[in-house]
Amino acid sequence: MTRLLLIGPPGAGKGTQAARLSERLGIPAISTGDIFRENLRAGTELGLLAKSFMDRGEYVPDTVTNDLIADRLTAADADSGFLLDGYPRTTEQVRTLDEFLADHGHSLDAVVQLTADEDETVSRLLKRARDQGRSDDTEAVIRHRLELYAQQTEPLIDVYADRGLVVRVDGLGSMDDVTERIVAVLSERGIRQAA
Ligand code: B4P
């Protein structure tokens with residue numbers, strides 16, 4: 001039963017590492033960004049609503065995101081643990097997640113903070129724009145996403161650090177190296193790979 005959060009600026013490698021950790025730890029990786037994009041592909045109302053915010057690099061409103069996560073975390077596969085990628089991103093989302101966990105008698109085991117400097121994150125996202133054409137990966141929108149991260153999401157790290165939950169991992173270097181670093185720091189906290 002491992003419950004983890006992955007926090008870091010856009011481009012730090014959250015989505016990349018979440019997929020790898022999900023496999024290594026045997027828990028589902030739940031990415032709010034991926035859920036919004038899947039809904040957009042499926043043409044749902046939620047997808048269209050999310051797109052109007054994502055394209056501008058804004059956060060999707062808390063009420064929408066919180067309901068989505070509360071629903072996803074009650075699915076059977078999240079019973080035995082989860083890795084949340086990109087949630088919570090605001091103080092209100094932290095409050096909602098706290099309430100959800102308390103209501104279910106659960107708590108978090110660790111918050112992985114993935115770090116990367118701005119030059120690197122911008123260059124990764126511009127490369128992804130060339131490779132995948134994501135509509136929120138233009139330079140102006142990327143800069144806005146980074147600002148929003150600094151204003152609204154970075155302060156959450158202190159909240160979790162005060163609870164003794166944060167493990168800080170350098171997100172620079174090869175994807176494999178970063179994965180090994182995360183697995184190692186989690187293992188030091190007694191969070192081990194699935195057999
Ligand atoms: P996300 O989907 O979470 O997008 P992101 O912050 O850019 O991170 P992502 O996971 O995609 O990128 P990664 O760093 O892994 O969110 C998108 C939008 O959804 C938000 O802006 C917001 O509008 C909305 N949203 C999501 N969650 C929300 C919430 N809780 N509340 C409100 N709104 C929300 O990787 C970036 C690139 O780097 C990739 O191309 C990858 O291949 C590359 N990369 C990764 N590791 C690397 C390495 N070690 N070396 C070189 N390249 C690497």
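On a 1 Å grid over the protein atoms alone, a cavity is a set of points where a 1.4 Å probe fits but cannot get out, whereas a pocket is an open set with protein on both sides within 12 Å along at least five of seven lines; lining residues have an atom within 4 Å of a point. Grid points are joined across faces, edges and corners, and a volume is the space filled by probe spheres set on the points. The structure is a predicted model, in which local features need pLDDT of at least 70 and side-chain atom pairs count only at pLDDT 80 or more, while totals for chains, interfaces and linings use all residues. Residues are numbered from 1 along each chain as its sequence is written, and side-chain values use heavy atoms, with hydrogens and water left out.

The structure holds one cavity of 30 Å³ or more. About 50 Å³ of space lies in this largest cavity. Its lining consists of L6, I7, G8, K14, G86, Y87, P88, R89, Y149 and T153. Two elements, β1 (2-7) and α7, each supply at least two residues of that lining; helices (H or I, at least four residues) and strands (E, at least two) are DSSP runs, numbered from the N terminus. By class, the cavity lining has five nonpolar, three polar and two charged residues. In this classification Ala, Val, Leu, Ile, Met, Phe, Trp, Tyr, Cys and Pro count as nonpolar, Asp, Glu, Lys and Arg as charged, and the others, Gly among them, as polar.

Two of the cavity-lining residues, Y87 and P88, are joined by a cis peptide bond with an omega of about 0 degrees. Most peptide bonds are trans. P88 is found in the loop between β3 (81-85) and α5 (91-103).

The largest pocket has a volume of about 950 Å³. It is lined by 41 residues, and G11, K14, R128, R134 and R145 lie nearest its centre. The elements that give two or more residues to this lining are α1 (14-25), α2 (32-41), α6 (118-132), α7 (139-162) and α8 (175-188). The most comes from α6, with seven residues. Twelve nonpolar, 15 polar and 14 charged residues make up the lining of the largest pocket. K14 also belongs to the lining of the largest cavity.

Around the ligand are 30 residues, the closest being G13, G15, T32, E58 and R145; a residue counts as near if one of its heavy atoms lies within 4 Å of the molecule. In this shell, α1, α2 and α6 each supply at least two residues, and the largest share, four residues, comes from α2. The shell divides into nine nonpolar, twelve polar and nine charged residues.

A nitrogen atom of the ligand is 2.7 Å from an N or O atom in the side chain of T32. For the side chain of R124, the distance from an N or O atom to a ligand nitrogen is 3.4 Å. A polar backbone atom of T16 is 3.3 Å from an oxygen atom of the ligand. The protein covers 90% of the 990 Å² of accessible area that the ligand has on its own, with areas taken from the Shrake-Rupley method with a 1.4 Å probe.

The second largest pocket has a volume of about 190 Å³. Its lining comprises 14 residues, of which P9, A116, L146, Y149 and E154 lie nearest its centre. At least two residues each come from β4 (110-115), α6 and α7, and α7 gives the most, with five.

Note on methods: A polar contact is a pair of N or O atoms within 3.5 Å; within protein, one must be able to donate a hydrogen and the other to accept it, and residues adjacent in sequence count only if both atoms are side-chain atoms.
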